[in-house]
Amino acid sequence: MNAQALRVALELAGGQTVAVFGENETEVKTLSDALKEYVAPGAVVGEVFADAYPSISDSSCDVVIVHGTSTPLNVLFQAFRVLRTGATLACYEPLESRTADDAESLNKNLTLAGFVDSHVESEGKFVKVVCKKPNWEIGAQEGIKLKPKSAGAKKWTVEDLEDDMLVDEKDLLSEADLASPDMSAVPCGTGAVKKACKNCTCGLAEELAAESAPKKKLTLEMIENPGVNSSCGSCSLGDAFRCAGCPYRGLPAYTPGQKIELPDDFNIDDL
């Protein structure tokens, strides 16, 4: 990196304090020594990448230059700490083999560290990213000015409503809403009492008739000689095929005309 080009690009001048952070100790020393020709000799500090720089005070630098294959987040945090408010950070990374992921990672780390107004440009064999430390320090506070409440402010009450603001709920009903319903159009089986309508064709009349009919009870004769014919024709197939009123419900499937064999545990409670 050329120290003179850095001086022009970053507008370095006498009286400024500059810090140089880098991966290689030799490169850091060489660049720091070269910058001393343009800035006061005691105003240039060179440090290798580290988690902390105790020799550099908080908010003491006007410019921080970071030079390396990548810029670690911990170094950016330290750069933010040592820079004055509104001061400049310049990151230089090799242009060769640089990917979009590298650019995205650096931009994210700069944001996390607290820097703003970053812009990117190429400079020779390097990519230069220049950004600023905001014009406020960490922990800065600013009061919020609230508009004072009027001493005589009146609270709203229901009595404040005017007559033309109220609506009579009866006015919201139309003549169709007030008309009695036509019960002839009510579907079959609806109402408080379940009842089939006259000339029912939906099957409800047959269902109600079956429910009201006396249920046939199971007899010993029906077990000894189960009939071949039944009203549904499915009694012998088992409960899955039997109707609700079938006297054989609960018994095993059987062969018509043959005695129904009950299992030994038929009368034993499952529980």
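Mentor: In H4, the buried residues are Leu 106, Asn 109, Leu 110 and Ala 113; buried means under 20% relative accessible area, exposed over 50%, partly exposed in between (1.4 Å probe, protein chains only). They cover an arc of only 100° around the axis, so they sit on the same side of H4. That arc is taken from the directions from the helix axis to the C-beta atoms.

Trainee: Before we go on, what kind of model is this?

Mentor: A predicted model: local features need pLDDT of at least 70, side-chain atom pairs count only at pLDDT 80 or more, and totals for chains, interfaces and linings use all residues. Residues are numbered from 1 along each chain as its sequence is written, and side-chain values use heavy atoms, with hydrogens and water left out.

Trainee: Which residues of H4 are exposed?

Mentor: On the other side of H4 you'll find Ala 100, Asp 101, Glu 104, Lys 108, Thr 111 and Leu 112 exposed.

Trainee: And what do the buried ones pack against?

Mentor: Think contacts, meaning heavy atoms within 4.5 Å. Here the partners are helix H3 (73-82) and the strands E4 (83-94), E5 (116-123) and E6 (126-132).

Trainee: How do I read the length of H4?

Mentor: Helices (H or I, at least four residues) and strands (E, at least two) are DSSP runs, numbered from the N terminus. The expected span is 1.5 Å times one less than the number of residues. H4 (residues 100-113) has 14 residues, and its 20 Å from first C-alpha to last is close to the 20 Å expected. Just after H4, Gly 114 takes a positive phi of about 110°.

Trainee: Now the sheet: what is the order of its strands?

Mentor: Two strands pair if DSSP finds at least two bridges between them. This open sheet of six strands runs E2-E1-E3-E4-E6-E5, with mixed pairing. At the edges are E2 (44-48) and E5, each pairing on one side only. E1 (residues 18-22) and E2 run parallel, joined by five bridges, and Val 20 stands opposite Gly 46 in E2.

Trainee: Where does H3 lie?

Mentor: For angles, axes are lines fitted to C-alpha atoms, for helices over the stretch in contact, and angles run from 0 to 180 degrees between N-to-C directions. H3 lies across E1, E3 (61-67) and E4, at about 150° to E4.

Trainee: How many helices and strands does the whole chain have?

Mentor: Seven helices and six strands, and buried residues make up 27% of its 271 residues.
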